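Hi,

Here is the structure I promised to pass on to you. Have a look at it first, and my notes follow just below.

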Amino acid sequence: MSFDVDNIRKDFPILQREVNGYPLVYLDNAATSQKPQAVIDAIVAYYSHYNANIHRGVHTLSQEATDAYEQARQKIQQHFHIGKPEEVIFTSGTTHGINLVANGFASLLKTGDELLVSAMEHHSNIVPWQMLCEKTGATLKVIPMNLSGELEMDVFNTLLTEKTKLVFVNHVSNALGTINPVEEIIQKAHAFGAAVLVDGAQSCAHIRPDLTAWDVDFFVTSAHKMCGPTGVGMLYGKKEWLNLLPPYQGGGEMIKEVSFEKTTYAELPHKFEAGTPNIAGGIAFGAAIDYLSKIGFEEIARYENELLDYASKQLLSIEGLKIYGTAENKTSVISFNIDGIHPYDIGTIVDKLGIAVRTGHHCAQPIMDYFKIPGTVRASFAFYNTREEVDRLVAAVKRAKNMLS
Ligand code: 7TS
């Protein structure tokens, strides 16, 4: 299928709407992507035709719902190149997946152990590990970055020691767009016997990773970043790790047998899936993967890279505008500020012109501290955005600058 953005846009009902009297320009895709009709239809079909709880009923509806949910697990398995379906754990999203792993490591760490985190993480890949360090006496060390927003890999090499037990890093930074060299990080960490968790929340809409080839220990992501619904995501863990970690939550579905004297836990993946899950969400996650796969991740990357180049050049033509995150390898995220103007003021004015961007620290305060700024304006592009929308953004930012300076 050749890439036809006008046709693709027809798949997204929300792109037809107006905001403040202007056609919507949605450039907050890093916060959450918009949903194609196929994903919306999958949710409606579940609730309209086969709504039932899964894994527990002999009745037809329950079997249909279970089949659809398990098919979605298989789609996720195939999409991310995962060896076994039971290595795919449904979660409520990236944050849930990271907390599950961090909680599991509480019984495996001791004082003196070291954990490495990158300088460009979302708070959800920092705070759970800080909580883990408080519980266990382990120490958190930071892999620094340079002014382009690239990790300092030579410092990473010196931080890695026999004491390093875990390394966690995002595949793509939500605030800078940097694509991190995760395969190199995994290889080097493994040489010291450390496990690696990759946060794929920001990469999943742009890159199809091969988790088996990476040999990564854990990978987490959220469906809503890749055209799926909110409230559902996935954790991949190597089977040996998932068997070693204790359950995160206790309840129905995650047990083999329960008595007041002793409870035994279910096999993977159910050991980590206590309670009734987001069934419609899981099924629609599968529909989102089908939808993106039909367009093709190579086509998506090619188109978004062109859009990124064009938008970067156009924005840099505005005097006083500075882009944060200029890594050679980056996705279609542009964080910027204009001299002397608060990002919030720019965001508010462009919204009046129908353009959605995010402003602030983007839940990545250490990055803002590094650049000594309170926040940025962030325009994050998806494959359904257009050059005309970039032009609308640039014109709106110019107007905001004139009004505010
Ligand atoms: N990790 C990264 C790299 C993220 O970008 C986000 C969300 C998360 C984790 C958390 O994902 P959740 O689905 O569990 O909430 N990032 C953003 C953002 O950039 N703007 O809004 C949410």
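This is a predicted model: local features need pLDDT of at least 70, side-chain atom pairs count only at pLDDT 80 or more; totals for chains, interfaces and linings use all residues.

To find them in the chain, note that the domain assignment gives domain 1 as 5–31 + 296–404, while domain 2 covers 40–293. Where they meet, domain 1 brings 35 residues to the contact and domain 2 brings 34 residues.

How much area is buried between domain 1 and domain 2? The figure is about 2700 Å², and carbon and sulfur atoms give 59% of that. On the domain 1 side, the residues that lose the most area to domain 2 are Phe297, Thr331 and Ile367. Together those three residues make up 25% of what that side buries.

I also looked at the polar side of things. Between domain 1 and domain 2 there are 21 residue pairs in polar contact, counting pairs with both residues at pLDDT 80 or more. The count of salt bridges between the two domains is zero.

If you want to see which parts of domain 1 touch domain 2, colour α11 (297–316), β14 (333–338) and α13 (365–371), the elements that give two or more residues to that side. Of these, α13 gives the most, with six residues. By residue type, the side of domain 1 that touches domain 2 divides into 20 nonpolar, 10 polar and five charged residues.

Best wishes

Terms used:
Residues are numbered from 1 along each chain as its sequence is written. Side-chain values use heavy atoms; hydrogens and water are left out. Domain bounds come from an automatic or database domain assignment. Contact means heavy atoms within 4.5 Å. Buried area is the accessible area (1.4 Å probe) that two parts lose on being put together, summed over both. A salt bridge is a side-chain nitrogen of Lys or Arg within 4 Å of a carboxyl oxygen of Asp or Glu. A polar contact is a pair of N or O atoms within 3.5 Å; within protein, one must be able to donate a hydrogen and the other to accept it, and residues adjacent in sequence count only if both atoms are side-chain atoms. Helices (H or I, at least four residues) and strands (E, at least two) are DSSP runs, numbered from the N terminus. Ala, Val, Leu, Ile, Met, Phe, Trp, Tyr, Cys and Pro count as nonpolar, Asp, Glu, Lys and Arg as charged, and the others, Gly among them, as polar.
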